[in-house]
There are 2 protein chains.
Amino acid sequence: MGADDITIAERIRAQLHRFTPTERRAAHSLLANYPVAGLETVAEFARRATVSAPTILRFVGRLGYSNYPEFQRALRDELDKQGQSPLAKSSYGGAEPDGSGPNAAFCGALIDNLQTTFSHISEPEFHTVANLLGDRHRRVGVIGGRMSDALARLFAAHLAVVRPGVMHLDGQPSNWRDLMVDYGPRDIVVVFDIRRYQEDLTALAEIAAGRGATIILLTDQWLSPVSRHARHIFSARIEVPSRWDSMTSLLGIAEALLAAVTEGRWEEASRRIAMIDSFRRLP
Amino acid sequence: MGADDITIAERIRAQLHRFTPTERRAAHSLLANYPVAGLETVAEFARRATVSAPTILRFVGRLGYSNYPEFQRALRDELDKQGQSPLAKSSYGGAEPDGSGPNAAFCGALIDNLQTTFSHISEPEFHTVANLLGDRHRRVGVIGGRMSDALARLFAAHLAVVRPGVMHLDGQPSNWRDLMVDYGPRDIVVVFDIRRYQEDLTALAEIAAGRGATIILLTDQWLSPVSRHARHIFSARIEVPSRWDSMTSLLGIAEALLAAVTEGRWEEASRRIAMIDSFRRLP
DNA sequence: TCGGCTCTGTAATTTGTATTACAGGAATTG
DNA sequence: CAATTCCTGTAATACAAATTACAGAGCCGA
């Protein structure tokens, strides 16, 4: 909750010269074993620094905290914000979390997938797509396959909060096709399609592309046949030690896109969100 | 590293099944915000886990500590031993993919989340849940919140392929409640609920729990209020550099569960899949 | 060298915390 | 279905911690 992003340690280091000699001992002791010393009791902290308890209190007072618990709370907040759970996160070089159960392998695969997936993203294309999706004058239709349609729903639900004109295409395939009447050169169709590709979707994409709509495809590394008609393609790694394919990296891309779009038009988005919130309070 | 290489977190995870229900809530709360929760006062810890102070004390007692300060000291010792000053490290603890664009940061956050999330999973509990979900005699209802419902759908869709009796609860809240008539002690309700928790879901969980159903909750690190009624809880890290929360790690858990369930009953599952495939060819 | 000032620790006080006893209630077992 | 056991929270208690008042020690300038 710090107003500034500067850590307590850095603040101490910066003001070190303004402390009295014993207070400086306290400061050094704290910096030497950083968060821990400050999380002990005053007495223990004092003993560790070989100063008296009141000196510790004067030290934290000078740092701007009105009492010791407040200081400790600040330290804990920082510890919490910080990359989280330093205990859980071991060295981690490539992609193996600690432990070695079956879940560790699964997690490692997910991480590898994410890393590979993101490293293949073209930044310029990414931003082009983010801008397209942020353009409120373009209608956006979102659709997915049998399993990936859940991601399509999620994507559409978020995007619809940020901007108008977003629609998740569901129901019967004949239904989608009918909706394509409304789509033209200014409009966008986002398609999620991974392995065990569906002919439905390819057919839809063909129709939409024929009408001049821009198709954005999120697929796996082998590329759905929809790619034939897509203007922009994002491919994700989906292989994990499972009978099923993983959609986490695909979701990762979707979330990254949503983050970029939302950030890009936050002015308006925040107003929309506030309004939606106000609706909630009505019932 | 340390004298004993086993961390407190691991010990908790290993013994999770030996705790009473409320103690387990305390354990989950601690694991979800690992060292920090335990460094707060008993009262704060209790409030965070929504249990009473004595429950916290009984929890640490069962872990083998004779009093709370001793437990805290152990946590601090661990924190101290652990590669020193996690706060001093750059803001990125471990996992930066190459490159340094905004997407690299996003990807790094996703990876951190996944890693932390998986490291908090209790293997025994994981397998208990996998077995529960694999039991074809238990009905399974799956539901999610406004945004997380997409994951619920995805989960239900996969699970329904592997075994019978799976249902995604959608439509009006009144609709779900009506369905609860059919649920009893042998049945399971899987709830996805992350920040901006919905009262609907808590109400549903209460009803289901009242009827004796086993509730499995997939939530974020702050634990949805549904946790009050849940028998099994999985908490995921969801913070990313975005206006939205990330659901990738939650999806990761869901996929891991699906992998385990499917593997556990592959004999039958494969037959079902083959049959479903044969249906497709009919048109 | 002396007086004033700041710094520092000791000891008393106060505050807040952990702890424990107990009773109601849920779940379980025969 | 009843009796018992095990949980769980409330409230009172005991304890330990933070805080404050005060006095001596060291330091600087005069």
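**Surface near DNA strand D**

- Two further polar approaches to DNA strand D come from chain B: a polar side-chain atom of Thr20(B) lies 2.3 Å from a phosphate oxygen, while a polar side-chain atom of Arg58(B) lies 3.2 Å from a base nitrogen.
- Two or more residues of the surface near DNA strand D are given by each of helix H4 (42–49), helix H5 (53–62) and H6 of chain A, and likewise by H2 and H5 of chain B; the element that gives the most is H5(B), with 3 residues.
- Around DNA strand D there are 15 residues, of which Val42(A), Leu57(A), Asn67(A), Thr20(B) and Thr22(B) come nearest.
- By residue class, the surface near DNA strand D comprises 8 nonpolar, 6 polar and 1 charged.
- On the DNA side, 63% of the atoms of DNA strand D within 4 Å of the protein belong to sugar or phosphate, with the rest belonging to bases.

**Surface near DNA strand C**

- The residues that come nearest to DNA strand C, of the 15 around it, are Thr20(A), Thr22(A), Val42(B), Leu57(B) and Asn67(B); of the atoms of DNA strand C that come within 4 Å of the protein, sugar and phosphate account for 62%.
- Phosphate oxygens of DNA strand C are approached from both chains, with a polar side-chain atom of Ser52(A) at 3.2 Å and a backbone N or O atom of Tyr68(B) at 3.1 Å.
- At least two residues of this surface are supplied by each of helix H2 (21–32) and H5 of chain A, and by each of H4, H5 and H6 of chain B, while the largest share, 3 residues, comes from H5(A).
- The residues of the surface near DNA strand C divide into 8 nonpolar, 6 polar and 1 charged.

**Helix H4 of chain B**

- Within helix H4 (residues 42–49) of chain B, the buried residues are Val42(B), Glu44(B), Phe45(B), Ala46(B) and Ala49(B).
- The buried residues of H4(B) pack against helix H6 (68–81) of chain A, and within chain B against helices H2 (21–32), H3 (34–39), H5 (53–62) and H6 (68–81).

**A buried leucine in chain B**

- Leu133(B), found in helix H8 (residues 123–134) of chain B, counts as buried because its relative accessibility is 1%.
- Beyond its neighbours within four places in sequence, Leu133(B) is in contact with Val140(B), Phe155(B), Leu159(B), Arg163(B), Ile188(B), Val190(B), Ile216(B), Leu257(B) and Val261(B).
- Leu133(B) and Ala26(B) are 107 residues apart along the chain, and their C-alpha atoms are separated by 24 Å.

**Domains and confidence in chain A**

- Chain A is divided into domain 1 (8–81) and domain 2 (102–280), whose C-alpha centres lie 49 Å apart.
- The mean pLDDT of chain A is 86, with 90% of its residues reaching 70 or more.
- Over residues 83–98 of chain A, pLDDT stays under 50, and the model has 45 contacts beyond four places in sequence for these residues; where pLDDT is low, predicted coordinates should not be read in detail.

How values were computed
Residues numbered from 1 in each chain as written. Chains lettered and ligands numbered in written order. Predicted model: local features only at pLDDT ≥ 70, side-chain atom pairs only at ≥ 80, totals over all residues. Heavy atoms only, no water. pLDDT = per-residue confidence, 0-100. Contact = heavy atoms within 4.5 Å. Buried < 20%, exposed > 50% of the residue type's maximum accessible area, 1.4 Å probe, protein only. Helix = DSSP H or I, 4+ residues; strand = E, 2+ residues; numbered from the N terminus. Domains from an automatic or database assignment. Near = heavy atom within 4 Å. Polar contact = N/O pair within 3.5 Å; in protein donor to acceptor, adjacent residues only side chain to side chain. Nonpolar A, V, L, I, M, F, W, Y, C, P; charged D, E, K, R; others polar.
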